[in-house]
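Please keep the sequence and the model in view while reading.

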Amino acid sequence: MLSHPLMALLKAVAEQGSILAAARQMDLSYRHVWGELKRWEEVLGHELIIWEKGQSARLTEFGDKLMWAERLTQARLAPQLAALRADLERTFAVAFDPEAHVLTLYASHDDALPRLREQAASSGLHLDIRFCGSVDAIRALNEGRCTLAGFHTQVQPHQDSHTAQAYRDLLQPGLHKIIGFATRTQGLITASGNPKQLHNLTDVARSRAIFVQRSPGTGTRVLLDDLLAKDQLTNADLNNWPDEEPSHTALAEAIASGRCDVGLGIESTARARGLGFVPLVQEQFHLVCLKSALDTPATQALRDLLQDATWHKALNTLPGYQAQDSGQVQSLRQQLPWWTFKRAKKTS
């Protein structure tokens, strides 16, 4: 993760409560830290530290706002930085290890995939993961830009659902193969303690709580449309914040900062940030590849890893996640059953 030296100074002061303790934590001199803080105050034109005799040092309101901006920026940049790291790993794997397997995976934002990448790398399988929306991930697969795509749906989505509308034209039996990955829980992410007592989308609409949306084309946005329809609501019934967030992490940060009250996201992200969480639905996270790639050495290596008990144990430690049919090739018609419905015959 990228880090700015000023943010490191402010973080240390906020945590330690004194400039001297912050300097010790950073293995710097008191004079250096004090001088840097004063230099930055001159550059920025604002005071950064409140330091009164006999009291702990603390950040000014401007300093707190800088720290908030840093956290939000880091959350938004995390997927791009992860992709850059994957690029470097892929380059060195190809250059120095002729036995290494490399798989390019475009996938919806997910907390389990970075863990999978770490575990896979230790066994010589390098996952080049690019995070994007579910719809964009499958499009990338169909355009030949990746070997695997990751997307998520409700269990057994209905033929008339928004899920069916989003994926029906992108996935076809006989062309695509689904590999089981995991189930995970999605729900309402709220401020810590759920102060507005939001238990469902009807509560969110009725209370006019500020709702933060995910970007169009994401699987969570598709899921939201289905959940709204189930509650006989539309997007217009929500008090939407004007900015849309590209990931679960960025959405959680928007809520933690107090800018928004609630959003739809995964349990693991909410728990990691210390936020409130109200489960609404358990969903399946799928991996999909073209049939021609299913039996390649790289894909087979991934399937073997997904079926390993060590991976199941690691996955199940994430809040809301459960290994289910991991690594198993599944029927597209059974998992996404809208193709099984026969069209009514026309009557003469």
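**Aromatic pairs and overall build**

Three aromatic pairs are found when the whole structure is searched; rings of Phe, Tyr and Trp (its six-membered ring) pair if their centres lie within 6.5 Å, with planes under 30 degrees apart counted as stacked, over 60 as edge-to-face and the rest as tilted. The model is predicted, so local features need pLDDT of at least 70 and side-chain atom pairs count only at pLDDT 80 or more, while totals for chains, interfaces and linings use all residues. Residues are numbered from 1 along each chain as its sequence is written, and side-chain values use heavy atoms, with hydrogens and water left out.

**Rings**

- Phenylalanine 151 and tyrosine 167 form a tilted aromatic pair, with 5.2 Å centre to centre and 55° between the planes.
- Phenylalanine 151 belongs to strand β5 (residues 148-154) and tyrosine 167 to helix α7 (residues 162-167), so the pair ties together parts that are 16 residues apart in sequence. Helices (H or I, at least four residues) and strands (E, at least two) are DSSP runs, numbered from the N terminus.
- Phenylalanine 151 is buried, at 0% relative accessibility, and tyrosine 167 is buried with a relative accessible area of 0%. Buried means under 20% relative accessible area, exposed over 50%, and partly exposed in between (1.4 Å probe, protein chains only).
- Phe181, Phe285 and Trp311 are linked into a cluster by ring pairs.
- Arginine 39 lies over the face of tryptophan 40, at 4.9 Å from the ring centre; a charge sits over a ring if NZ of Lys or CZ of Arg is within 6 Å of the ring centre and within 35 degrees of the ring normal.

**Whole protein**

- The protein has 14 helices and 11 strands.
- Its C-alpha atoms fill a box of roughly 90 × 60 × 35 Å, taken along the principal axes.
- Of its 348 residues, 48% count as buried.
- Among contacts with a separation of 6 or more, 73% come from residues 24 or more positions apart; contact means heavy atoms within 4.5 Å.

**A helix crossing**

- The axes of helix α5 (residues 112-121) and helix α12 (residues 297-306) come within 11 Å and cross at roughly 110°. Axes are lines fitted to C-alpha atoms, for helices over the stretch in contact, and angles run from 0 to 180 degrees between N-to-C directions.
- Helices α5 and α12 are therefore roughly perpendicular to each other; angles under 35 degrees count as roughly parallel, over 145 as roughly antiparallel, 65 to 115 as roughly perpendicular and the rest as oblique.
- Leu116, Gln119 and Ala120 of α5 make the contact with Leu302, Leu305 and Leu306 of α12.

**Loop residues**

- Aspartate 27, in the loop between α2 (19-25) and α3 (30-44), has a phi near 60°, a positive value in a residue other than glycine. Aspartate 27 is exposed, with a relative accessible area of 69%.
- Aspartate 325, in the loop between α13 (309-316) and β11 (329-330), has a positive phi of about 55° although it is not a glycine. Aspartate 325 is partly exposed, with a relative accessible area of 39%.
- Glutamine 159 lies in the loop between β5 and α7 and is partly exposed at 26% relative accessibility.
- Glutamine 159 and arginine 303 are 144 residues apart in sequence and 29 Å apart in space, C-alpha to C-alpha.
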